[in-house]
Amino acid sequence: MTRVLIITGYGLNCEAESAHAWRTAGANPALLHLNDLIADPSAMSRHQILMFIGGFSFGDHMTSGHVFAHRVAHHLRDELASFIDAGNLVLGICNGFQIMTKLGLLPAMDGQSFSQDIALMQNDCGTFRNQWVRLRFEPDSPCVFTRGLSFMDLPIRHGEGKVHVKDKALLDRMEEANCIPCRYADPATGDPARTFPQNPNGSIHAIAGVCDPTGRVFGMMPHPEAYLFREQHPQWDFGPVDGPDGSAIFRNAVEHFA
Amino acid sequence: MATRIEIGPKNNVRDPRGRHAASAARTFLQLPVTDCRTRDVYKVDILLTRKDAEMIRKAFTDPVTSRSALGRLKAPADFDWIVEIGFKPGVTDNVGRTAQSIAADLLDRRLNPDECVYTCIQYFFKGENLTREQVETITWDVLANRLIQTAQIHTRDEWEDAPEDDSVPVFRDNEDVEVRTYHLGGRDEDLMRISREGILSLSLAEMHAIRDYFRRPDILERRASLKLPEDPTDVELECIAQTWSEHCKHKIFAADVRYRDGEGNEETIRSLYKTYIQAATRSVAEKVDWLVSVFTDNAGVIRFNDRYNLVYKVETHNSPSALDPYGGAMTGIVGVNRDPMGTGIGSELLFNSWGYCLGSPFFDGHLPEGLMHPRRIRDGVHQGVIDGGNQSGIPWVRGFEKFDDRFIGKPLVFCGTLGRMPREINGKPSHEKEIRPGDLIMMAGGRIGKDGIHGATFSSEELRQESPAQAVQIGDPITQRKLYEFLMEARDLGLYRTLTDNGAGGLSSSIGEMCRMSGGAVLDLDKAPLKYPGLQPWEIFLSEAQERMSIAVAPDKREAFLALAARRDVEACDIGTFTDSGNLVLRYGGKACGCIDLEFLHDGCPRMTIEAEWTPPSPPPPTPRPSGALTGDVLKLLASLDVCSREDKSRCYDAEVKGLSVVKPFVGRESDIPSDATVCRIDYTSDEGVVISEGINPYYSDLDTYWMTASVLDEAVRRIISAGGKPGTIAGLDNFCWPDPVASDKTPDGAYKMAQLVRSNKALYDFCTAYGVPLISGKDSMKNDSTRGGRKISIPPTLLFSAIGKIDDVAKAVTMPFKRAGDDILVIGETSAELGASAYVRMRAFDQGTPEAIGGDVPRVDAETALRIYTALYDAIQNGRIRSSHTPTLGGLAVGFTLAALGGNLGAEINLGAIPTRGRMKADEVLFAESNSRFIVTCDPGNTADVLARFDGLPIAVVGRVVEEPKLTVGSQAVRLRLDRARKAFRETLRSVS
């Protein structure tokens with residue numbers, strides 16, 4: 001069974017539903033407190049998928065994900081690099097995605113160098129926001145997690161989700177390499193969403209998620225682990241709902257090792 | 001000397017905090033601010049080499065969006081004023097604390113307690129002709145709160161000339177530790193002076209009881225043996241005062257009440273709590289088998305299924321929120337989290353609820369000196385609960401806002417938390433608490449500072465000008481989250497016996513309560529970890545510093561408990577021992593500084609006698625409305641503060657973390673209409689769900705609190721029924737918020753307010769027993785008055801009735817939006833001309849310039865009919881006959897039809913004459929009456945006959961049908977309303993203050 005390591009602690013808080021998502025997808029998730037992982041970093045190598053979950057690590061103080069990423073980089077950098085080199089998968093959701101960008105794991109266009117190139121800034125609306133969005137996926141992306149998907153409804157729950165890319169050249173490279181596997185979409189047209197609230201944070205190119213060029217390292221702001229039951233969709237009460245639920249993303253990861 | 005680090009956004013990066021400040025100055029203060037840029041300042045009070053300082057600067061900075069400097073960062077090119085805002089000494093600085101952990105990582109060592117990081121925010125304002133006075137106004141009306149923060153305001157020139165500020169806010173008053181004694185042998189005036197000057201809030205009778213206790217020969221003998229002075233020490237007097245405070249002892253609910261009902265009858269009620277609340281639950285307990293633990297613990301416990309119990313508690317945090325809305329409300333939510341956390345042997349936290357009663361955010365009347373504008377209170381309260389809830393990873397499930405300008409003196413801030421416990425943990429029932437003599441007293445979580453001292457006694461006082469700043473605490477959700485995760489882990493490993501939270505009264509309250517289980521305790525106050533030196537023993541004992549739990553640990557588990565705490569980065573230490581001596585003994589430096597007999601502490605408070613006299617008020621009704629179209633009235637009600645959308649603020653709260661939501665707080669095709677009740681799973685492996693709702697209506701209190709209470713109870717229950725919840729599974733929580741009901745010079749109408757309280761309690765008993773709804777938990781807050789600026793403002797008596805029920809299969813839950821064109825619309829329940837204090841009548845009274853003319857019949861409840869309706873509707877829903885169900889509340893059927901239509905993006909055609917009414921009623925009465933126990937449901941026309949048959953003998957009628965055209969039509973000309981207009985009216989009102 002595919003073994004998934006979920007790091008917990010310091011205000012991360014989506015461990016229960018994330019573990020359930022992996023179980024639903026047929027994997028075997030383990031929860032491990034960051035301090036226990038730091039005490040025994042070799043635990044990482046006993047897993048095939050590493051997940052940085054959502055939450056408010058360190059209260060999002062000093063910008064979201066900043067302090068948690070700092071601690072991971074300080075203590076676990078080498079283990080993380082070899083884990084990725086070994087062909088394993090890394091997934092980050094929401095705060096986990098923010099942590100991964102701070103670590104420089106994404107987009108890592110020139111390989112994993114642990115230097116930060118993109119940032120997740122405060123939403124244009126100026127506040128934390130919880131709403132559902134329509135996502136569209138890019139069929140040509142190397143992203144392992146989004147393989148075969150075309151669209152999906154998911155909730156967002158963040159205050160800092162606006163993707164800011166260091167410079168235009170990097171953004172162009174990310175687009176060229178199809179490292180932007182998912183975007184906020186206008187449900188009426190399916191096109192990338194330009195305006196609030198379909199694009200809930202003002203993200204450039206409507207970016208909702210980013211992968212590295214290998215497609216094995218992926219982070220996104222919306223929460224697939226928050227849509228595992230039909231009744232979680234906000235319009236489930238109107239009858240059958242179109243599109244897959246969030247478990248498809250976890251199943252893709254598990255199938256990668258099948 | 002601290003190292004100063006300044007961090008600001010790069011020039012091409014937006015500065016949302018600056019924009020927000022500029023826009024608030026322009027919009028709310030009409031001041032000519034054209035631009036504002038901001039900076040974060042960190043003052044690192046750690047001795048650093050230049051190299052270490054540089055390394056820390058780099059680690060604090062996001063290289064993509066920000067730039068930074070040691071010392072001053074180059075100022076923005078163009079600005080006129082700079083304001084730097086920091087915290088006062090001793091105020092919780094959460095960001096600073098987080099920054100410390102980066103510094104510790106980088107330096108690869110633990111920091112000493114006096115090595116800290118302090119934060120400030122700089123605002124660079126640009127604005128032509130902006131005066132110092134105006135910048136001060138911006139500072140104190142928008143950016144900062146004098147109670148907790150400091151501000152330095154400089155012009156550009158002043159700032160450029162000023163030296164770089166490397167000062168840090170630390171307490172310098174290192175007083176010697178001193179235990180004082182109080183001489184209680186003097187005259188009554190002297191006793192009252194001691195009570196008043198010490199903010200003890202003790203009455204003369206109570207002071208007498210304390211004096212007499214300390215004269216008892218057995219007490220004198222015991223004190224001599226401990227080398228304690230004969231007179232009480234400050235530790236003892238403070239402990240007794242806080243244990244006996246209204247906040248903790250509920251003296252008004254425990255009092256003898258002489259009640260005269262206005263019709264010549266008089267009765268004496270011995271304790272409202274025992275006579276009505278406890279008695280109601282006792283009576284219901286004979287009929288239901290799912291009550292597990294009520295009245296005894298921090299929160300009520302009920303059985304949910306074979307595996308889990310549920311725990312629910314709702315608290316208020318009114319006084320602190322009036323002083324510091326953000327910190328006060330945040331402490332409200334993280335504080336109530338600790339109630340389930342400290343229930344039994346500890347509950348997991350599943351859901352939060354919130355609700356606020358506030359002055360209008362558009363208030364433009366005269367605001368008494370010293371009160372904050374209701375808009376600012378609203379913003380701060382929301383943000384505090386948003387941050388507290390979101391950062392704790394607990395989703396909100398219910399929220400409400402009620403507006404009335406009588407809440408400008410004291411806002412009501414309700415915060416609730418629902419928890420889940422496995423019924424058994426390690427083979428033992430999880431709800432049972434046990435402590436044995438010899439168990440260790442542990443404290444875990446945050447450190448103790450002067451925060452919140454006298455919070456318990458202060459909240460029992462009305463809000464006065466000199467209300468103590470120390471009464472304000474700021475929550476730290478991340479410290480609490482760490483504590484929570486650690487405790488759940490320790491619980492499952494069996495590392496402790498039981499626990500309780502430190503809330504009002506701090507250790508004096510938690511240990512005072514816990515030691516009743518073993519029969520005594522010895523506490524070494526000097527062992528408790530402090531945030532800074534200089535706290536007196538009594539301050540340590542009473543501090544309400546947040547994020548702390550008190551835990552009883554068996555001696556053989558001590559090492560394992562402390563080791564796990566260390567691994568989880570949670571501070572824990574052992575501060576004493578539980579005993580069976582019958583006394584609570586306090587020591588400092590090995591020397592006794594207090595000893596209180598437990599029996600006296602808990603049962604020695606003399607009981608009050610309170611007068612209550614009911615005189616039914618009879619305000620006039622507004623002048624009758626001339627007949628004619630009512631479309632305008634419907635639109636106006638939709639836009640009113642009673643009805644309008646609360647979505648904008650609500651979207652800032654996380655509703656979906658944990659992945660258990662089924663019916664969310666907002667429903668509909670556009671997810672923008674409030675649901676009647678919220679439905680959630682409680683774990684991933686079962687389709688059973690919990691249904692959560694509330695009822696609150698302070699307006700009806702102006703007519704009769706008896707029917708106000710019946711109405712809010714019915715509202716909470718029928719909301720659960722409307723969503724598909726099961727009758728017979730519903731439990732309630734009562735939260736009373738009252739103006740001071742004890743007659744005195746300041747409160748000449750006390751007997752009337754007390755009578756209102758009596759009547760509310762009578763209704764609570766009558767309808768809880770009639771409905772079979774037990775009260776599993778509750779709280780009261782009895783001094784919600786303000787006398788600032790020489791003006792007394794009292795809140796209207798307010799009862800929040802929160803309810804939870806069960807649904808066996810969440811997939812059968814029903815929501816309120818219309819689902820399909822062609823469906824029949826039915827109204828269930830009778831509409832009476834009950835318009836007194838309704839949203840419609842209050843609106844008309846206000847428009848006529850006679851806002852007090854809200855008279856009329858207050859909605860009543862016919863429990864027997866209501867119960868039959870609820871059972872029939874439950875069966876119809878279970879059998880899949882109901883496509884949508886909505887229970888109308890404020891604004892009556894007219895608003896109910898409109899919201900259900902908006903939710904479905906579908907129109908409706910309603911035949912006004914078909915609506916079941918009591919007698920002949922005018923169109924506006926039918927449409928706007930707020931009669932209880934009613935539903936608007938839709939069903940497939942093929943099922944209509946079946947539904948009607950299920951309600952045989954009950955008031956029900958087909959009143960219309962759902963149509964494709966997005967338009968609501970009622971009667972031939974009563975209402976003609978396009979949904980886009982309705983939606984706009986509903987959504988717009990609060991948008992400008994969101």
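The legends below accompany close-up views of a predicted model.

**View 1. Overall fold of chain B.** Chain B contains 31 helices and 41 strands. With a radius of gyration of 29 Å, close to the 30 Å that the globule rule gives for 994 residues, chain B is as compact as a globular protein of that length. The C-alpha trace of chain B spans about 80 × 75 × 60 Å along its principal axes, and 59% of the 994 residues are buried. Of the contacts in chain B between residues at least 6 apart in sequence, 82% join residues at least 24 apart.

**View 2. The contact between chain B and chain A.** Chain B contributes 46 residues to this contact, and chain A contributes 47 residues. Among the elements of chain B that give two or more residues to the side touching chain A are helix 1 (16–29), helix 15 (374–392) and strand 25 (661–663), while helix 3 of chain B gives the most, with seven residues. The residues on this side of chain B comprise 20 nonpolar, twelve polar and 14 charged.

**View 3. A mixed open sheet in chain B.** Three strands of chain B, in the order 8-7-24, form this open sheet with mixed pairing, and its edges are strand 8 (266–270) and strand 24 (609–613), each of which pairs on one side only. From one strand to the next, the twist averages 20°. Strand 7 (residues 256–260) and strand 8 of chain B pair in the antiparallel sense over five bridges; Arg260(B) has Glu266(B), in strand 8 of chain B, as its bridge partner.

**View 4. The helix lying across the sheet.** Helix 25 (residues 750–771) of chain B lies across strand 7, strand 8 and strand 24 of chain B, and runs at about 90° to strand 24 of chain B.

Notes:
Residues numbered from 1 in each chain as written. Chains lettered and ligands numbered in written order. Predicted model: local features only at pLDDT ≥ 70, side-chain atom pairs only at ≥ 80, totals over all residues. Helix = DSSP H or I, 4+ residues; strand = E, 2+ residues; numbered from the N terminus. Rg over C-alpha atoms; globule rule 2.2 N^0.38 Å. Buried ≥ 20, exposed ≤ 12 C-beta atoms within 10 Å, placed from the backbone. Contact = placed C-beta atoms within 7 Å. Nonpolar A, V, L, I, M, F, W, Y, C, P; charged D, E, K, R; others polar. Pairing = 2+ DSSP bridges. Axes fitted to C-alpha atoms, helices over the stretch in contact; angles between N-to-C directions.
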